Amino acid sequence: MGMRNLNISIISCLFTIFFVNSIQSQTDFIIHKVKKNQDLEKISIIYDLDKNIILKFNPNTEIKKGVKLKIPKIYKSDVELESNLFEIQDSTKINFESNPKNLIDNITNYSKKKLAVLLPFRTKKINFDSINDSKELIKNDKLLNISLEFLFGVQMALDSFSNYGIDVDLSVFDTAAEKSATYELIQENDFTKYDLLIGPLTSDAFEIALSSIPSDIKIVSPLSKTNLENINIVHTIPNDELLFNKMISFIERDTVSSEKFIISDSYNKKISDKIKKIFPNAHQFFSEINDSGVDTRTMVYDSLDSTFVKGRNIVFLETKDQGFVSNITSILNSFVNDTVEIVLTTTNKNRAFEGSNISNYYMSNLNFHYPSINRSISSFKDNNFVKKYFSRYNSYPSKYAIRGHDLTLDLLIRLSCGDLDTNNLNLYQSEYIENRFRYVKDSDGRYRNNSAYIMKFQDLTLIEIE
């Protein structure tokens, strides 16, 4: 039997199972014993939690040394998928103001919009007759959780879009994260009736869908970069070159006199040399190579001793190795004093700069700057979107839910301003909860989002610089 459009009863059942899992998971805690000099702000950073969430589960509790706090596991961001699929980042603690007004003022097309969302639910694996059997599967299926959260965000976007008096038909399809299932799905359904296809999420399924659908249908890559060159792809994730250029441009505009340094491992020598060409007076350093010719991805204190000058020192760190980031940030931090300022930056903030081995204190002390495709809301408690989301789904929105909302709402508004290919309004930059969009066609006719942020780690908090 072929794949088909997921009907309302199946989606409702998935929602129900997800909610049961979420509610029960909220009683699953880890215990944190407060250490000396730890306040609520520092604890929230350790667990990547909003302070109000910690207070909610520890009412009337004084935060002081020795006190034991309950930390709900459901909110702890310690899951990293072993895939290059999910590239949006958790970058917290800034304020936002939704600002798509230039687009909204130009809405002219009030006809019903039709969207197809292709997500890897893998419903064939779920026993819908037993919630108890299904909830364990959903709990451990990262891809299914991401799909559900993204879909929740899409549903929220439709609610927001309804304020403009335009109807939307939404169809949800299960790609099962399989090539064969995706091909079968495309063959058995008429996708020419949709204005846009959002997804699939996985790279293999996306490639199959792209090669199988009619050539005049736009297909949106929602959560990851793709190297596919088809002009029908809507590239919503800014590419590495744009992020590189944004970071370099930001440094070039710095009016404070500074010395510049480039530290990298041998695997990132190409990017190091590229930066050196832009800043020819920069000092280049590489990780140590052992006697066997293997890059150890480490440096020692003496390698950088007496290197930094009084005043500002800007250090580019280019690597994809978490151990090397931990090693270098520890060394750099030891050089910071009242007369020596070190500004750490990178042109590619990847997962090497995250995780339990990376000190948030060091990152803050080093004024860490990086280019990012997204930001994050400052307060779950006071945010209207979060309140509505929690009221509907009884959980706080993940970055995937917020991405689903921002991306879908923006595309619907742009569709209502005219055809995506010919509409000059695509040059308008819109900004929502965590994401901003401005689409530009490159010389090959590819349709790309070229909006990004510069983020800075300051006082143990991430702030938006531009």
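Author: Ala-116 stands opposite Leu-197 in strand 5. The model is a predicted one, in which local features require pLDDT of at least 70 and side-chain atom pairs count only at pLDDT 80 or more, whereas totals for chains, interfaces and linings use all residues. Residues are numbered from 1 along each chain as its sequence is written, and side-chain values use heavy atoms, with hydrogens and water left out. Helices (H or I, at least four residues) and strands (E, at least two) are DSSP runs, numbered from the N terminus.

Strand 3 (residues 113–119) and strand 5 (residues 196–198) pair in the parallel sense over three bridges; two strands are taken to pair if DSSP finds at least two bridges between them. Within this pairing, Val-117 has Ile-198 of strand 5 as its bridge partner. Strand 3 also runs parallel to strand 4, to which seven bridges join it. In that pairing, Ser-171 of strand 4 is the residue opposite Ala-116. In general, the strands of a sheet pair through backbone hydrogen bonds, either parallel or antiparallel. Of the seven residues of strand 3, six are buried, so the strand is largely enclosed by the rest of the structure; buried means under 20% relative accessible area, exposed over 50%, and partly exposed in between (1.4 Å probe, protein chains only).

These strands belong to an open sheet of seven strands, with the order 4-3-5-6-7-16-15 and mixed pairing. Its edges are strand 4 (168–174) and strand 15 (439–441), each of which pairs on one side only. On average, neighbouring strands of the sheet are turned by 25° against each other, direction ignored. Helix 8 (residues 203–212) packs on this sheet, where it touches strand 6 (219–221) and strand 7 (233–235). The direction of helix 8 makes about 160° with that of strand 6. Axes are lines fitted to C-alpha atoms, for helices over the stretch in contact, and angles run from 0 to 180 degrees between N-to-C directions. Contact here means heavy atoms within 4.5 Å.

For context, the protein chain has 15 helices and 18 strands. Of its 466 residues, 52% are buried. Among contacts in the protein chain with a separation of 6 or more, 70% are between residues 24 or more positions apart.

The axes of helix 6 (residues 142–161) and helix 14 (residues 384–393) come within 11 Å and cross at roughly 115°. The crossing of helix 6 and helix 14 is right-handed; a crossing is left-handed if the near helix is turned anticlockwise from the far one by less than a right angle, and right-handed if clockwise. Helix 6 contributes Glu-149, Phe-152, Gln-155, Met-156 and Asp-159 to the contact, and helix 14 contributes Phe-385, Lys-388, Tyr-389, Arg-392 and Tyr-393. By class, this contact of helix 6 with helix 14 comprises five nonpolar, one polar and four charged residues. Ala, Val, Leu, Ile, Met, Phe, Trp, Tyr, Cys and Pro count as nonpolar, Asp, Glu, Lys and Arg as charged, and the others, Gly among them, as polar.

In helix 14, the residues Phe-385, Val-386, Tyr-389 and Tyr-393 are buried. Viewed down the axis of helix 14, its buried residues fall within an arc of 95°, so they line one face of the helix; the arc is that of the directions from the helix axis to the C-beta atoms. Asn-384, Lys-388 and Ser-391 are exposed on the other side of helix 14. Asn-394, which follows helix 14, has a positive phi near 60°.

In the second pair, the axes of helix 9 (residues 240–252) and helix 10 (residues 269–278) come within 12 Å and cross at roughly 35°, and the crossing is right-handed. Phe-244, Ile-248 and Glu-252 of helix 9 meet Ile-271, Lys-274, Ile-275 and Ile-278 of helix 10. This contact of helix 9 with helix 10 has five nonpolar, no polar and two charged residues by class.

Finally, strand 17 (residues 453–458) and strand 18 (residues 461–464) pair in the antiparallel sense over four bridges. Lys-456 stands opposite Ile-463 of strand 18. The hairpin of these strands has two residues between them, and Asp-459 takes a positive phi near 50° there.
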